[in-house]
Amino acid sequence: MSVTIRTFDAVIVGAGGAGLRAAIQLSESGFKTAVITKVFPTRSHTVAAQGGVAASLGNSEEDHWHWHMYDTVKGSDWLGDQDAIEFMCRKANECVIELEHYGMPFDRTDAGKIYQRPFGGHMSNFGEKPVRRSCAAADRTGHAMLHAMYQRNVKANTQFFVEWMALDLIRDAEGEVLGVTAMDMETGEIVAFHAKATIFATGGAGRIYYSSTNAFINTGDGLGMAARAGIPLEDMEFWQFHPTGVAGAGVLITEGVRGEGGILRNSQGERFMERYAPNAKDLASRDVVSRAMTTEINEGRGCGPHKDFVLLDISHLDPATIMKRLPGIREIAIQFAGVDPIKEPIPVVPTAHYQMGGIPTNYFGQVVVPQGNSKAAVVPGFYAAGECACASVHGANRLGTNSLLDLLVFGKSAGESAVEELKKSPKAHKPLPQGEIDRALTRVNRIDTQKGGANVHETQLAMRRTMQKHAGVFRFADLLKEGVEKIEEVRKDALRTEIADKSKVFNTARVEALELENLVEVAVATMVSAEARKESRGAHVRDDAPDTEQRPNGRDDENWLKHTLWYKEDNRLDYKAVKLTPLSVETIALKKRAY
Amino acid sequence: MDEQRRVRRERLRWHCRRALLELDIVFQRFWARDEELNEIDEAALEKLLAIEDHDLWSLVSGREEIDDPQLKSVVERLRRS
């Protein structure tokens, strides 16, 4: 079947922070650039980022990119690539100041400089004491950032395709990426976007988990497309969790609630933290609390019909204290858990927040895959940045405020690399292989014509419950093994979903079925990669890899100081070395990660 | 429901996909209740959906109020979600 072909120099998928930053680079260099996005750009999930963006500007006190680099390597539990981390930390100031020039309304010091505040894990002088490194615009940093960059793109004539969903990568026989197929949701029409450079900036896939802080749009579309096109996904076992999200909703309950005297209880009403942390109890660190909660649930002491959450009790506190010290918590509990915390405890579970892994790239934002003798051969014409990419700067765990920095630095870097390639490339586009276009048409047609198939929402729920139970914040060998089988079953259902609404025009049921096909690839990648990694490192914590003298925190550098690469085909795993050599400074040597 | 109305409804439903999880859940519950929405309600919802996410959440969570009676009525229904 023939489809309309639209030709651009560059096509970018995703209009959050990374996509908008990359687009500025291309459009301002005079290249014809399309941005495809499911939602209006300023409604991308970047809006939810409040903490700020890290840069060692040193406006409030002495700071240095090398200290920032040290913190990031340590935070990553040494799984981050030190060349990419040096690159990001050195580029931070330039990127933040550019953003200021785009009109970003940063908070200011009395002297008119960008005001900086402290944030967890950011220290001065190689881990000595906290430093003020985060640049923010009140509590709307992500939102302000998107607005500034969207305006800049409008001025530079970037062409936006809003309410379009990208379907599949187009790769030719040599493996070069020539664009994407995408569907106009308004009409249902499928179009091939033919481009010399294709940049993925599609964000994370936090929706694979039952409890997730991610908005509904975060369905890992770029990861699904890459996986289907034979590109491996890197380090997908690493997900950052928060201990207390409202069960079934994912909305966060701040840690301040436990600080004010909130108590965690199991189905027997027991204050179980007394057993796990006799001194700190409910105020133990995030990891300890999350692990204890998971153990209670796994051992059958969870609450509710599925025994899959515990309770956060503040009903013993004076209502006046709750209203005064914990503003907003009562509203959230009433709105999302249906309980008034003054009278009843709040159901909570450890909640997925950020995806450290993704499409493998180098620090130029180019997608790299194993080929021949190289573990990182550039895929011509293909770039990725932001949460969907793995540069890898976050390694096994991300520091707060480094996510906004990641999307600025690598969005720009991917854009710059694409500009350089476009300047060198011949005038004509390479021909589009019809078979690649047909892949997307076949998938959509399958959904439209499926009979006796699986229900989209039920399958999505099965996926999310399986991920939460089998590959949650605290992991167990037997559960992971079982999880691999279970998630494979879910995948079969996700690929045979049936929808009732067959109309072409604005069919959200079809979009959700397509999103599920992307999500499930991420879910399988996560489960298989996590099952295989037989150590604890950063956010990947296994019961059978405990903290010992020989292996502090359960980390096994001898066998596991390497990146995972998962391939969709046969769930094959490959590994590649961590880049321990930075660009200009000495390696930050391995040591135990302790704060 | 005629096709034009169905498309308008579907478009509204899609515009309820937001940047913030809090709003996603409120709208999901709102639609799941399958409430009667007349054309005036739909127009009001359209206007509300044009509001930036943080401001919309302030309205829905009750931290802010809105004067317009049409919008107010839809906001109150969202608060019940």
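Trainee: What share of the 595 residues in chain A is buried?

Mentor: This is a predicted model in which local features need pLDDT of at least 70, side-chain atom pairs count only at pLDDT 80 or more, and totals for chains, interfaces and linings use all residues. Residues are numbered from 1 along each chain as its sequence is written, with chains lettered from A and ligands numbered from 1 in the order in which they are written. A residue is buried if 20 or more other C-beta atoms, placed from the backbone, lie within 10 Å of its own, exposed if 12 or fewer, and partly exposed in between. For chain A the buried share is 57%.

Trainee: Is A:Ala352 buried or exposed?

Mentor: A:Ala352 lies in strand 14 (residues 346–355) of chain A, a strand being a DSSP run of E of at least two residues, numbered from the N terminus. A:Ala352 has 31 C-beta neighbours inside 10 Å, so A:Ala352 counts as buried.

Trainee: Which residues does A:Ala352 touch, leaving out those up to four places away in sequence?

Mentor: Two residues are in contact if their C-beta atoms lie within 7 Å. On that basis A:Ala352 touches A:Gly206, A:Tyr209, A:Ser211, A:Ser212, A:Trp239 and A:Phe241.

Trainee: Which helix of chain B gives the most to the side that touches chain A?

Mentor: The contact takes 25 residues from chain A and 17 from chain B. Helices, DSSP runs of H or I of at least four residues, that give two or more residues on the chain B side include helix 2 (21–32) and helix 4 (53–60). The one that gives the most, with 5 residues, is helix 1 of chain B.
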